[in-house]
Amino acid sequence: MKTSDRWFLFGIISLGIYLVIRLIDEAKVMWIFPLDFANDHSAHIAKLYFLAHYGLSEVPNWWGGFPLLKYYHPLRTIFSLPLYYLFNDAQIATYAAMLLIYLLSFIVIWYIGKTQDISKIKRIAFFVFFFANPIFIGYLRVGRHAEILGFFMMMLLFLIIVYYQYKRLDKKFLWFIPVYSALLLSHISVFLVSSLLVLSLFFIKNLREKMYIALAGIISLALTAFWWIPFMLNKNNTYINNFYGLQRTLLDTASYNWGDKLASYVVPAIFLAVAYTYLKENKKEWKFYLVPIILDILFLTRILAFIPYLNRPVPDTYNLFFLFLAIYMFMKLDIERLKIKKLIYALLIIVPILAIIFSSLVIPWFIGHTQEDEDTIKVFNYVNGTLWILN
């Protein structure tokens with residue numbers, strides 16, 4: 001083991017243990033149906049239950065009926081369906097599917113590291129640093145299942161892109177089509193941001209390969225048109241049409257957004273610092289990373305909040321995108337050759353400690369039922385027909 005690799009062990013162990021503790025805490029969702037205000041678990045559990053019972057059709061017994069998955073990314077619910085049939089329980093299946101995504105993500109990161117000659121220790125650190133950082137722990141806590149699946153698909157896409165970064169496109173590039181299609185059906189915001197990686201690959205290829213990439217993208221859009229065309233045509237009738245994630249969060253003066261605002265300064269700054277250090281040693285890759293760097297600067301300066309479509313995702317989608325790229329470039333650095341290696345070694349100890357402290361204090365743990373929740377559940381036994389809960 002290289003000397004520099006040993007410095008990753010503290011972060012792997014500390015953040016790894018913390019991630020396991022958080023996963024165990026969130027496992028309560030399997031037997032305690034989440035009823036607290038700040039959670040998406042309940043919606044995903046409900047969608048899975050409805051998909052198993054009604055299929056992709058109208059759900060009649062919720063708020064007068066609604067079209068299931070017409071206005072929401074369908075793949076996460078479909079991904080969980082086999083586990084629902086296995087366990088016959090929507091809560092267990094939803095949580096088990098999330099664990100499966102974490103496992104598959106580790107495998108993809110391992111192969112990314114293998115193709116890029118990243119050491120085994122750094123591959124493990126790559127996974128832990130990304131999935132145990134405070135932002136992703138927040139995703140786990142709230143239950144942002146669709147976006148978690150979206151980032152797994154982004155990793156698969158990134159594996160394909162870096163594999164062909166300096167390699168001529170061949171028949172294996174056809175894997176791009178199902179992965180890119182699955183990414184769109186996983187989470188449209190992650191798809192939008194991740195498409196900039198496709199643009200990076202497009203820029204560094206010759207004209208013929210550019211045509212192949214464009215054709216593959218068009219085929220992917222055609223294969224998923226059954227969902228995104230109705231979604232786009234009918235979005236004017238939904239809340240989605242007026243949702244601008246960056247403006248709502250970064251330009252809002254509300255105090256409860258302080259965490260998002262802070263992260264949206266810190267993470268882009270980290271990305272720029274790592275990119276500068278990495279590209280200083282790997283000058284030939286400037287062209288490939290030019291698009292993410294421009295995007296990062298626009299995000300950091302808040303100009304991105306005024307650019308159509310790119311202002312739709314919430315800040316954390318961008319933060320995790322930049323963090324993933326920053327960790328990837330960091331893992332490729334030969335730290336022992338850098339003049340600032342002592343500073344980096346110190347940060348490999350300090351940052352995991354700060355991340356765990358911040359995450360523990362700011363991100364709530366799983367919230368069980370209150371007495372009011374229990375009393376409300378008891379009322380269900382007396383309901384025969386439609387139930388509305390008001391205030």
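What percentage of the 391 residues of the protein chain count as buried? The share is 51%, where buried means under 20% relative accessible area with a 1.4 Å probe, protein chains only. This is a predicted model in which local features need pLDDT of at least 70, side-chain atom pairs count only at pLDDT 80 or more, and totals for chains, interfaces and linings use all residues. Residues are numbered from 1 along each chain as its sequence is written, and side-chain values use heavy atoms, without hydrogens and water.

**Overall fold**
- The protein chain holds 18 helices and two strands, taken as DSSP runs (helices H or I, at least four residues; strands E, at least two) numbered from the N terminus.
- Its radius of gyration over C-alpha atoms is 22 Å, close to the 21 Å from the globule rule for 391 residues, so the chain is as compact as a globular protein of that length; the rule is 2.2 Å times the number of residues to the power 0.38.
- The C-alpha trace spans about 70 × 45 × 45 Å along its principal axes.

**Helix α16**
- Of its 18 residues, 17 are buried, so α16 is largely enclosed by the rest of the structure.

- Leu69, in the loop between β2 (66–67) and α4 (75–87), has a phi of about 65° and is buried at 6% relative accessibility.
- Asp117, in the loop between α5 (90–115) and α6 (120–131), has a phi of about 60° and is exposed at 72% (exposed means over 50%).
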